[in-house]
Amino acid sequence: MMFEHGRFSAAVGDFETAVRAQDADTAERAFAQLTQGFGQATDAELHAAGPRFSALLGEVPPGPRAVVAVMTGACVERGADPLACAPGVFAGALDAFEKAAVFCERWEAAGRGELPDHEGEGLEEADFERIGYEPVMAWQALPQFEMACVALLNSPRVRRELPVREELRAAVARTEELSGEQFKCLAYALAVLDDEPLVALDRSTGTGFALRVSGIGDNFQLHTLLADALIGRGLVAGEAPSAEAVACCRDRDGMVPTTGSFNLVGADGEWIWNEGNPADIPAVDGVRIVVLDPPPYSRSWPAGRFFPGMTGELVYERTLAPQESAALLAQVTNPTR
């Protein structure tokens, strides 16, 4: 049966009213209507619903809270204002990761052994009593909050203006430490740099280049765009990536095979692994430095965006004066390998 036009907006209103009145039965019925009708809602309905969901999230009970966060992220993916949707989602995510850390600590203290999965496999009824209902629900909600936050972090406006970014990064890292589980997508999204200066130094020629990084999710993506910016302009010797590989690392959907052009080394002499992200690159005097060496062996990978909804940019600004490059190279440690 087709979901009637306007029913979704009515369900949003019913859900808001019931949650704020703490009317559990009506809220449950309205929530069922929301989940049933979400896929058939119009863009206009979702544009309006996203900020309303965000404003309501703090009052939504722990059970459906993470699902409402995911719906908020989906509204953003359909065009809702990401900044208007961000406050409730990120406050909820911060609360969930902080309480999940408590869950991990109490689980270990209770001698419960291996952590349960986020679907509840491995949990017992008694765990809600011995560990606490909210920490248990927070642990189960982490994948949904990760998904919702990443959807919003595709927006550079959210990344620049998110007030709890560092607090959430710390909470995610703490939960990873306690659980041994990685929340890589969220950790990497929170680490994405925007309008960040980067200097590349070609060790063989001593030439340096000033660039600016935005929206790049991992160093595979950085490597490809760096090769395009420098080899593609004839500034550095080597084989440039294909136009298709570069486009996929910027804003085109999909991935295409590419081959590495450099061995990237940090100012500390350590290799910069493609599996890492640009925020991990060490800085000298506040600027991240990448030293370009010849690749010791051939490396190939699928070129594309780590975050398919995030536009990646690496902007070439200028070639450094010889004395600038020499001064920076003097502060670079020789490779450790």
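How many residues apart in helix H9 are Glu 166 and Arg 169? They are 3 residues apart in helix H9 (residues 165-179), so about one helical turn separates Glu 166 and Arg 169. Helices (H or I, at least four residues) and strands (E, at least two) are DSSP runs, numbered from the N terminus.

This is a predicted model, in which local features need pLDDT of at least 70, side-chain atom pairs count only at pLDDT 80 or more, and totals for chains, interfaces and linings use all residues. Residues are numbered from 1 along each chain as its sequence is written, and side-chain values use heavy atoms, with hydrogens and water left out.

**Salt bridges**

A salt bridge is a side-chain nitrogen of Lys or Arg within 4 Å of a carboxyl oxygen of Asp or Glu. By this rule, the count is 22 salt bridges.

| Pair | N to O distance |
|---|---|
| Arg 20 and Glu 59 | 3.3 Å |
| Glu 166 and Arg 169 | 3.8 Å |
| Glu 317 and Arg 212 | 2.9 Å |

Arg 20 and Glu 59 form a salt bridge. This pair links distant parts of the chain, 39 residues apart: Arg 20 is in helix H1 (residues 7-20), and Glu 59 is in the loop between helix H3 (43-56) and helix H4 (62-77). Arg 20 is partly exposed, at 44% relative accessibility. Glu 59 is also partly exposed, at 41%. The term partly exposed covers the range between buried (under 20% relative accessible area) and exposed (over 50%), with a 1.4 Å probe and protein chains only.

Glu 317 and Arg 212 meet through their side chains in a salt bridge. Glu 317 is partly exposed at 42% relative accessibility. Arg 212 is partly exposed too, with a relative accessible area of 25%.

Shared partners also build a network. Salt bridges join Arg 65, Asp 95, Lys 99 and Glu 134 in this way.

**Aromatic pairs**

Rings of Phe, Tyr and Trp (its six-membered ring) pair if their centres lie within 6.5 Å; planes under 30 degrees apart count as stacked, over 60 as edge-to-face and the rest as tilted. The count by this rule is 10 aromatic pairs.

Phe 8 and Phe 38 are an edge-to-face pair, 5.8 Å centre to centre with 80° between the planes. Phe 8 lies in helix H1 and Phe 38 in the loop between helix H2 (24-37) and H3, so the pair ties together parts 30 residues apart in sequence. Phe 8 is buried at 0% relative accessibility. Phe 38 is buried at 14%.

Phe 103 and Trp 139 are stacked, with 5.4 Å between centres and 15° between the planes. Phe 103 belongs to helix H5 (residues 82-109) and Trp 139 to helix H7 (residues 133-153), 36 residues apart. Phe 103 is buried, with a relative accessible area of 0%. Trp 139 is buried at 1%. Ring pairs link Phe 103, Trp 107 and Trp 139 into a cluster.

**Around Arg 299**

Arg 299 sits in the loop between strand E6 (287-293) and strand E7 (300-303). Arg 299 is buried, with a relative accessible area of 16%. Arg 299 and Thr 259 are 40 residues apart in sequence, yet 5.6 Å apart in space, C-alpha to C-alpha. Leaving out residues up to four places away in sequence, Arg 299 touches Thr 258, Thr 259, Gly 260, Phe 262, Asn 263 and Trp 271. Contact here means heavy atoms within 4.5 Å.
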